[in-house]
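This report covers strand and helix packing. The structure is shown first, and the details follow.

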Amino acid sequence: MAAAATCSTGTRSTGSMVVAASRNNVTSFQRRGPRTSGTDSGCSRLVSISGTRPSVRNGQLLVSTGLPALDQLLGGGLAVGTVLLIEEDKYNIYSPLLFKYFLAEGIVTGHTLLVASAKEDPADILQELPAPLLDDNCKKECDEDICNHKTESNVKMKIAWRYQLLPKIEARPVSSSRFGHYYDVSKRIPQELIEASKWHGFFLPEKISSTLNEDPCSLNHGYIKLLQFIQNIIYKEGFDGSNPQKKQKNILRIGIQNLGSPLWGDDICWTENCDSNCSLTKFLYMLRGLLRTSLSACIITVPTHLIQNKAIIARVTNLSDTVVGLESFIGSEKETNPLYKDYHGLIHIRQIPQLNNLICDVSDVKDLAFKLKRKLFTIEPCG
Amino acid sequence: MFPELNNLLNTTPDQVEQGKLTLLCDAKTDGSFLVHHFLSFYLKANCKVCFVALIQSFSHYNIVGQKLGVSLTTARECGQLVFLEGLKSAVDVFFRPQEEPHPLQFLREANSGNLQPLYEFVQEALKPMDSGEAAWRCPVLLVDDLSVLLSLGVGAVAVLDFVHYCRATVCREWKGNVVALVHDSGDAEDEENDILLNGLGHQSHLILRAEGLATGFCKDVHGQPKGSS
């Protein structure tokens with residue numbers, strides 16, 4: 001099925017969705033008219049970003065979550081500027097997998113990554129990413145592109161001179177302009193892909209040692225450090241449009257693992273009435289503020305089954321845009337249920353955002369189960 | 001704005017009731033369409049609107065507003081709309097300490113939160129102009145939404161105080177309207193939210209509730225105070 005998918009028009013789309021970021025008015029969602037042809041390459045041209053596509057419903061810019069099955073359920077993909085919250089399954093087996101798919105997709109499409117974890121070193125997380133499945137057609141295409149790029153670099157086009165103005169496809173070890181890839185979980189991602197990618201790591205035990213000079217504002221120390229780190233990267237690398245001379249716009253993919261767990265210094269998982277029970281929700285609000293004003297998308301995994309206070313779970317859900325819950329069958333009585341024998345767990349789409357729209361497309365089927373095979377993570381209706 | 005909703009409420013942009021507090025409530029669904037309705041309704045009714053938008057960006061409301069027939073950018077430029085973009089201001093106040101008091105100053109405070117700077121912002125935005133001849137019909141305060149203030153560490157009592165102050169100034173003194181959205185957490189046992197919802201339900205003139213599927217809603221009309229109060 002993957003081989004037959006048409007390659008989406010990467011850098012040459014005539015799509016109506018481009019992103020405009022000027023000094024005073026930075027937004028991620030803006031609709032532009034169809035590009036008029038033949039403008040000179042001298043004036044600032046807004047080229048669409050690799051690995052993204054506009055939503056067919058409202059022109060929103062989308063990125064793939066790394067799981068084409070999940071993309072479909074979310075209405076085409078994850079909207080740029082929003083948060084995808086994964087409610088972890090009980091033994092934290094499948095949620096790290098979704099986390100890794102998201103990051104691997106970022107590497108394959110050339111996005112910048114920001115990985116934050118309190119448990120594992122981000123460098124180790126990146127080593128364990130699954131290998132992308134690039135079918136042979138795509139590989140041949142990439143090889144041809146690399147050859148052509150070298151030979152044709154200086155040939156002036158006489159007839160198709162308008163194409164001269166368009167930027168050439170960048171030659172990379174893997175250059176894929178498709179939206180959504182499949183991964184082989186049993187293999188590790190090739191080392192050269194990781195080295196070719198740009199990533200930033202936030203490992204909490206390393207960052208927490210320095211003391212905080214500013215006045216505390218009831219936010220957990222670790223969360224403050226993480227927010228400052230994210231804001232710093234966004235500002236320095238111009239994801240919020242603050243560096244207008246940057247020619248090639250790119251997406252920042254942020255991944256935060258096990259947020260709200262005791263490893264981050266938060267105590268909502270072991271007591272019901274904790275002192276700083278708004279620490280996590282305040283963090284999510286500030287994160288939303290940062291995301292809405294930059295070209296980034298974020299995935300967070302939260303162990304909601306550990307949170308004692310149900311009110312906090314409701315608030316966390318309200319402050320996230322897309323919420324997906326995983327329920328694995330391991331160790332539960334559903335494991336022996338004949339209805340579920342082909343599947344590994346249930347997946348609940350709890351919330352889909354309504355952005356730039358009055359309604360959102362809620363999928364008709366509510367009972368969805370997932371199945372993990374070596375090369376495929378399928379989500380199917382069941383029951 | 002939705003004509004059906006206008007018919008049910010017996011209002012049109014030409015005849016706007018004044019001095020009312022309307023509570024919008026949603027349970028298990030998204031009630032933001034009510035916010036969009038009231039925003040476009042009051043802008044079409046030529047009222048001066050102060051919109052405290054804490055949960056989404058300006059462009060989101062602008063794009064939906066265009067679908068409903070109002071342009072927020074134009075309204076903001078000509079002074080009809082004062083828009084507080086909560087998300088952007090929060091990033092400003094959190095990462096770059098401000099000298100003068102900022103409406104979202106409570107984000108930097110450790111305990112319980114004081115919404116007075118926010119009230120002063122609203123007061124400044126909606127106060128009638130001294131020039132005598134009023135350009136706009138009546139001031140309107142729109143808040144989307146109040147539940148998020150609880151998530152940001154402000155106590156339910158502080159939020160109720162804020163709404164009370166706004167009601168006293170905007171509704172009674174300046175004969176304007178206040179519309180606020182609160183989420184109903186249902187069985188999530190959010191005590192603070194329940195306090196807020198019950199307190200506001202008691203104070204408001206009209207409660208619009210969106211429940212379950214997006215197509216259905218029911219309304220409760222609280223008694224209308226006449227003269228006193």
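## Helices on the sheet of chain A

Helix H2 (residues 95–108) of chain A lies across strand S4 (83–87), strand S5 (112–117), strand S9 (252–256), strand S10 (296–302), strand S11 (322–328), S13 and S14 of chain A, and runs at about 165 degrees to S10(A). Contact means heavy atoms within 4.5 Å. Axes are lines fitted to C-alpha atoms, for helices over the stretch in contact, and angles run from 0 to 180 degrees between N-to-C directions. Helices (H or I, at least four residues) and strands (E, at least two) are DSSP runs, numbered from the N terminus.

Helix H9 (residues 279–292) of chain A lies across S4, S9 and S10 of chain A, at about 160 degrees to S10(A).

## Basis of the model

The model is predicted: local features need pLDDT of at least 70, side-chain atom pairs count only at pLDDT 80 or more, and totals for chains, interfaces and linings use all residues. Residues are numbered from 1 along each chain as its sequence is written, chains are lettered from A and ligands numbered from 1 in the order in which they are written, and side-chain values use heavy atoms, leaving out hydrogens and water.

## The nine-stranded sheet

Nine strands of chain A form an open sheet with mixed pairing, in the order S8-S5-S9-S10-S4-S11-S12-S13-S14. Strands S8 (199–203) and S14 (377–381) of chain A are at the edges, each with a single partner strand, so one side of each lacks a neighbour in the sheet. Two strands pair if DSSP finds at least two bridges between them.

Strand S13 (residues 368–372) of chain A pairs with S14(A) in the antiparallel sense over five bridges; Lys371(A) stands opposite Thr378(A) in S14(A).
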